[in-house]
Amino acid sequence: MTAEDHSLRLLLAGIDTYSQPVVYMHEDCHVCRSEGFRALARVRIDCGDRWVIASLNVVTDGDWLPVDAAALSDTAWAALQPGDGARGVFSHPEPPAAASVIRAKVYGERLGQAQFDTIMRDALAQRLSDLDLAAFVTACAADRLDFDETIGLTRAMQGAGETLDWGDRLVLDKHCVGGLPGNRTTPIVVAIVAAAGHLIPKTSSRAITSPAGTADTMEVMAPVALDIPDMRRVVEAQGGCIVWGGGLHLSPVDDVLIRIERPLDFDSEGQLVASVLSKKAAAGAKRVVIDVPVGPTAKVRSQAAAAALSARFEAVAEAIGLDLMIQISDGSQPVGRGIGPALEAMDVLKVLRRDPDAPADLRDRALTLARALLDMGGGTAARHNLARELLDSGEAERRFVAICEAQGGFTEPQFAPHRMPVEAPRDGMVTAIDNRRIARVAKLAGAPQRPRAGVLLRAQRGDQVHRGAPLFEIHAETPGELAYAHHYAASNPGMFRIEEPS
């Protein structure tokens, strides 16, 4: 058969398939019949000098899709960029070499460097389906990656993309392992460290299992989807940046895995370490501070778990040539007042602007991390009070605004249009706040996909509250999401433990 016999007209389906390339073909089309394509098959589509491997959805309704055409999801369309009237040539792709490697890991085999390289290469080339990737993520979950495997995965993830070279200049970086709502220290730390004269090209992720990632929060205030030349321009001009790593091709397979981890709502210790350190190394960092919050409802729940995670971080950092400092912090309750991109951005700005109402816990945590990085930077910048001086003088705020302007312009965050309080059921003292369940409320309200959605805390651990006083306020961009989140909150009164007066 000729290529023409294997071709179909290409149409835009107008369907968002969550970054997965998908093609829709009629069950009676001649290509499906001749090639034996069935639902969920992997299909290669060539159009001019571009190609993509997509998962097949079979259409049974002839009124929606004619038999002589194929419809592409938004992601597949963007990959092929077909012109008007373009045709695609359809074929079976080569079986991915990584499939047998993933199967081996599922059955408990240890993987070596070459095997991790194979998986990352096939994942980046979109040869693996989301089912393949979900099997890999699950097979690596819990403690199923040992230290050597974590090192191999880290190197494979870094090797699948570019690595920035900043010459002989010292590059600093920081990261929080997550699990603590509102802990948005990065914009403050970057502003302080850059104002001190150091280089801190910060790449950040969007949320995986939380109501906001640093990139989500920063995007409320400035563009974050920069390419490498624009990122370099910002860093050369201002000493730092806060950009989304997914647009930079630095450890790009990490974003492929994050896309799978997000709906599964988990990430594993080994993959967490590999994700963080591969991106730090790819961004050219040499000295890195890692914040590990520990608390009963944080991601890391005990000092023993923190010690185990720290040991894994340190082993991988040493293997790939990073100088690392672990900062164990209090993860017993959310940080600041806001949970969700816009609300967290407001907290950040209050700290930078020295607002009297600025959350003291967020300010203190940011100063602690900034001091640690300045100490790692050495030289005259290691004066103990320098971080505080740069914040209190307004220099950090000015540098942050300059970074935002260099990234494309500063925008003031706004409140959501729909809000509803959740009130204390009794008088007493707040003795505990469940990080996971309060984060769940923020996500049900729409965060982070809806930037203004989330939770605004009105009480913290140690506060005395009266029956009927607001414990927190739910913010949403639609009435339906507000009601959905409020129903969950009302059904889970234990999010705030209130001990009645004796």
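This is a predicted model: local features need pLDDT of at least 70, side-chain atom pairs count only at pLDDT 80 or more; totals for chains, interfaces and linings use all residues.
An open sheet is formed by four strands, which follow the order β12-β15-β17-β13 with antiparallel pairing. Its edges are β12 (338–339) and β13 (418–423), each of which pairs on one side only. Helix α17 (residues 435–444) packs on this sheet, where it touches β12, β15 and β17 (470–476). The direction of α17 makes about 130° with that of β15. Strand β15 covers residues 454–457 and runs antiparallel to β12, to which it is joined by two bridges. Within this pair, L456 of β15 stands opposite G338. A further helix, α18 (residues 479–491), lies across β13 and β17 and runs at about 10° to β13.

A hairpin is made by β3 and β4, with two residues between the strands. Strand β3 spans residues 42–47 and strand β4 residues 50–59; six bridges hold the pair in the antiparallel sense. C47 stands opposite R50 in β4, and in the hairpin G48 takes a positive phi near 65°. Strand β3 also runs antiparallel to β6, to which three bridges join it. In that pairing, I45 stands opposite F90 of β6.

The loop between β6 (87–91) and α3 (98–106) contains P96. When neighbours within four places in sequence are left aside, P96 is in contact with D122, R127 and L128.

Definitions and conventions
Residues are numbered from 1 along each chain as its sequence is written. Side-chain values use heavy atoms; hydrogens and water are left out. Contact means heavy atoms within 4.5 Å. Two strands pair if DSSP finds at least two bridges between them. Axes are lines fitted to C-alpha atoms, for helices over the stretch in contact, and angles run from 0 to 180 degrees between N-to-C directions.
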